[in-house]
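Subject: Structure handover

Hello,

Here is the structure I promised to pass on. Please open it first, then read my notes below.

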Amino acid sequence: MIFMSSATREGRSTVYNDITSKEKLAQVNKDNLQLEDDFLEYLASIDRSKGTIKQYKANLHVFWCWNLEFNNNKFFVKLTKRDISRFQNHTLNVWGWSPKRIRTVKATLSSLSNYIENILDDEYEGYKPIVNKIENPANKTVRKRSVFDLEDLQSLLDMLVEKKQYEKACMLSLAINSGRRKNELIHFKASYFTEDNIICDGAFYKTPEKMRTKGRGSMGKMLDVYVFKKPFQHYLNMWMNERKEKHIKSDWLFPQKVNSKFIDEPLKTSTMDSWAKSFSDMMGKNFYWHSLRAYFVTHLSKNGVPDNVIQDILGWESADMVNVYNDTTADFKFDKYFGAEGIKTVEAKSLKDIE
């Protein structure tokens, strides 16, 4: 169930809506629910990830409930372009969705349409997809990203160390120095951080096995993952020492804790969310783990690392992704290369010099 509220903190504001419920879904057109089951089963058969299927299901539930309340509970195959246009107008002007959110749900509906056209053509002869016939609303920024600098993050690290919260400090430093997503951070192993796994003249730890990252398919994308060694080592040492004191045997760097005992399972992302809330309170600005991905990219860029190298470190298929996460301003770039004497000579840095 999605609740209607507007939660605003410095850095981000989010609108949630009371759209779906068990009671509403129980009234949804049975043909639509059967279509949903068949479609999701098909996605599983072509190895779409569990996360993707879960998101598609949630998006469909939102649409079914709108269709129930505002569109006479029509069978999906019978929808018209006017129906899709009305749905888009409702999401934009009644529910207050962002254009990005609208495009995401419409992409699910479009995929369902394509499934009907290509797979169920023997049942629905002549069916033509219509979702993409309706132009998307103009894109606009509705969220201001929390942008952190090194001073912000160092202050938070110092506070955590002062409180002797070494596990949190280690996790925070790992995120800062790897740029990995939340669900990837919890799957690092303690055995990754040995002398044998140090590369680039001491610049990086490189994981000895490929890690599963976000990507198409149930296995996602398997990548080599890199962590800047020098700035991370101090916090790693503190947490590894505490692990010894607590007799933690699990190879997960951050094992799950159940009834005050550490078990051989990785930390839950719900715990990460809880930590993020406490970090927000400590910093006085909104903290979320994904913001550190932008910090990592921006930090590399400011230190002169070329886009194609950043692309390789993060495992992106295109260097265009660098611009998505890079918060470096034009003024900073100009100041780096130009001064009173004209064009400056910029001294190249090696990766091991980046802190």
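Contacts first. Take those in the chain with a separation of 6 or more: residues 24 or more positions apart account for 61% of them. Please keep in mind that this is a predicted model.

Next, the overall make-up. The chain has 355 residues, and buried residues make up 43% of them. It holds 14 helices and eleven strands.

Now a helix pair. Look at helix H2, residues 30-45, and helix H5, residues 99-119. Their axes come within 11 Å. They cross at roughly 85°. Angles of 65 to 115 degrees count as roughly perpendicular, and H2 and H5 are therefore roughly perpendicular to each other. On the H2 side, the contact is made by Leu35, Asp38, Phe39 and Tyr42. H5 brings Thr108, Ser111, Leu112, Tyr115, Ile116 and Ile119. Sorted by type, the residues of this contact are seven nonpolar, two polar and one charged.

Then a sheet. Three strands form it, in the order E3-E4-E7. The sheet is open, and the pairing is antiparallel. Which strands stand at the edges? They are E3 (198-199) and E7 (226-228). Each has a single partner strand, so one side of each is left without a neighbour in the sheet. Strand E4, residues 204-206, is joined to E7 by three bridges. Within that pair, Tyr205 stands opposite Val227 of E7.

There is also a hairpin, made of E8 and E9. Strand E8 covers residues 255-258, and strand E9 covers residues 261-266. The two run antiparallel, with three bridges joining them. Val258 stands opposite Lys261 in E9. Two residues lie between the strands. In this hairpin, Asn259 takes a positive phi near 50°.

Last, the cysteines. How many disulfides are there? The count comes to zero, taking a disulfide as a pair of cysteine sulfur atoms within 2.5 Å. Cys65 has a relative accessible area of 1%. The cut-off for buried is under 20%, so Cys65 is buried. Cys200 has a relative accessible area of 43%. That makes Cys200 partly exposed.

Best wishes

Conventions
Residues numbered from 1 in each chain as written. Predicted model: local features only at pLDDT ≥ 70, side-chain atom pairs only at ≥ 80, totals over all residues. Heavy atoms only, no water. Axes fitted to C-alpha atoms, helices over the stretch in contact; angles between N-to-C directions. Helix = DSSP H or I, 4+ residues; strand = E, 2+ residues; numbered from the N terminus. Parallel < 35°, antiparallel > 145°, perpendicular 65-115°, else oblique. Contact = heavy atoms within 4.5 Å. Nonpolar A, V, L, I, M, F, W, Y, C, P; charged D, E, K, R; others polar. Buried < 20%, exposed > 50% of the residue type's maximum accessible area, 1.4 Å probe, protein only. Pairing = 2+ DSSP bridges.
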